Structures are given as C-alpha cells and as structure tokens.
Amino acid sequence: MSSPDFARNSDNYCYRHPDRQSFVLCQRCLRTICPECQTQAAVGVICPECLGQQAKTQTPAQRKAERRWSRPRAVTATDSRPLVTYGIIAVTMLVYLTQLIPGSPVQELLAFNSLYVAPAWGFAPFQPWRLFTVLVVHGGFFHVGLNMLAVWMIGRSLEPLLGRWRFLVLYLLGGLGGSVGVALIAPGLWVVGASGAVFGLLGALLVIGRHIGANIRGILLILAINLVIGFVPGFQVAWQAHIGGLAVGALVGLIYARTRSVRRRALQIWLLVAVAVGLFALLLLPPLIYR
Ligand SMILES: [Zn+2]
Ligand SMILES: [Zn+2]
C-alpha cells in the first residue's frame, strides 16, 4: 500500500497531522483525523476545530447544562482507549475460566468442527455459531495467554486507527475466515482458539501499514511461539485457521484502505457484506469435495 497515489491521497491522513495515517472521520466535517485529534461525541468522534465551533455556537444556557451534566472535557477527549480490544480479551478470559470448572461442557459446546456447519453432510446437527464461538475457547493457559497477548499488542494500535466497529468486524471476519479455512482443508478436524482472528488482525496490519507504530516483530515472535506450542500434545492449534484468517484479514485491510473517504462508505459496507456472504458460500463446498 505504499504506491505513490495512495501516499498522495490526503483522505488517508489526519488533516492536522499529514504524516499520520488514519481511517476515522470527523462526524461533523467528514475529514480524516488521527486518534490524538478525536473527541468522543454523541455519535462518533469529532475533530478539534468542530469541537471549538460547537462550543462557540452554544447559548449560555446550553453551556451551563453541559458543564452540569456532561463528563469533564479532559476525560472525554482522551477516550481513544481500545475498548473493543479490552472487551475481546475480557470475554475470552471469562470463557476460559468457565472451561476450568471440572466437568465443564463449554469446550464441547463452542469448539469448531466443520461437520456442524454442513447440514448436507448429515453427520452432525447444524450449529453455525461454532464458526465464531471457536474464538473464545482455548486449549490451555499458554494458548489463551499468547493469543490474548497478540490481540492486545495489535489491537492497541490498530483499533484507534480503524475505529471500534471496523476493528470488531475485522476480528470477526478473520475468525470466520479461519473456520472456513479449517472446513475447506481439514474437514472433520476439531479446533479451538482465537488464532484465526489473530492472524486476521495480522493480515490487515501487514496491508494497512508497517508505519502505524505497531511492534510487528514482537507480534510475529508471539505468533511463532504459538505455532510451536501447537505441536505440543494436548493443544489443537490449526494452521488451516491461520491461513484462512490471514487471507481474509489482508482482504478486509485492503477494503478499509481503499474505501476510506466518506463517499465510499456505502461501498465499504457492501464489500464487507460480500466478504461475509462469500465465506458462508465456501462452506457449501466441503460436502461436494469430500464425499
Ligand atoms: Zn471536524
Ligand atoms: Zn491528528
């Protein structure tokens, strides 16, 4: 993505900091703004200029009400915390704790096996939620620990850059890509873990930019350790999920990078829907290929 026309396109950079790449637009003037320039508004975020104008056009009564009812500016202005990243980690760790309860059925209910998403096969009941719930069940402390470390390392720089919804959609589509990869390459294999989604984040990160300040070397090291422990008996870490997640993540990253301006917002949503529909459609293939 370092082609000259991409670099020249100012839509891709904060209008106040031309060297900072970003995907988030001010909800009022629709210009691109970096995490530092974002202030949380009622809907979305707004830029410092619009924040100033808003304050100027308020009547004294409105200003008084704002002082009384809203949180102090200092708090809202710094609210670019990666809340979706924290949420993913919290939910995953919570589910892992329930797996530790003796006799817990959580893993059996939530793990992924392609037999459960291909009714045409007739081997197992149709339980499509396993495509996504596989992301929250893990094979052991190191498995969940390393995956969540990777989510945190990538999410803290990628989420403020993309915005919360785009980050969450990327995570879920990467996870779906991982499950579809397993269904296509290794039908019948049981898998657990967030690795597909983690590789999806990595795929997007590799496409979107090496210059956003994420420690890619550190992330690759974590993923390498994760791959190695995949061969330790007792862990089920599927390389098929890594490939699927990586490919879908890179594709979603490309979509985000090419449809950043507000004129292309509808196109962005339709392309994401198309990716999801395409992935679901691929699930029809395994029963045809492996009879
Ligand atoms: Zn603005
Ligand atoms: Zn900025």
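Modeller: What follows is a close look at the site of the zinc ion (ligand 2). This is a predicted model, in which local features need pLDDT of at least 70, side-chain atom pairs count only at pLDDT 80 or more, and totals for chains, interfaces and linings use all residues. Residues are numbered from 1 along each chain as its sequence is written, chains are lettered from A and ligands numbered from 1 in the order in which they are written, and side-chain values use heavy atoms, without hydrogens or water.

Donors here are N, O and S atoms within 2.8 Å of the metal (3.2 Å for Na, K and Ca); water is not among the atoms, so sites may look incomplete. The angles among the 4 donor atoms run from 101 to 114°, and the site is tetrahedral, a label given to four donors if all angles lie between 85 and 135 degrees. The ideal angle for four tetrahedral donors is 109.5 degrees.

Along the sequence, the donor residues follow the spacing C-x2-H-x16-C-x2-C. Cys-14 and Cys-34 link distant parts of the chain, 20 residues apart, and both sit in the loop between α1 (4-8) and β1 (39-40). Helices (H or I, at least four residues) and strands (E, at least two) are DSSP runs, numbered from the N terminus.

Cys-14 is buried, at 2% relative accessible area, and Cys-34 is buried too, at 1%. Buried means under 20% relative accessible area, exposed over 50%, and partly exposed in between, with a 1.4 Å probe and protein chains only.

Technical notes: Four donors count as tetrahedral if all angles lie between 85 and 135 degrees; four count as square planar and six as octahedral if opposite donors are over 155 degrees apart and all others between 65 and 115; anything else is irregular.
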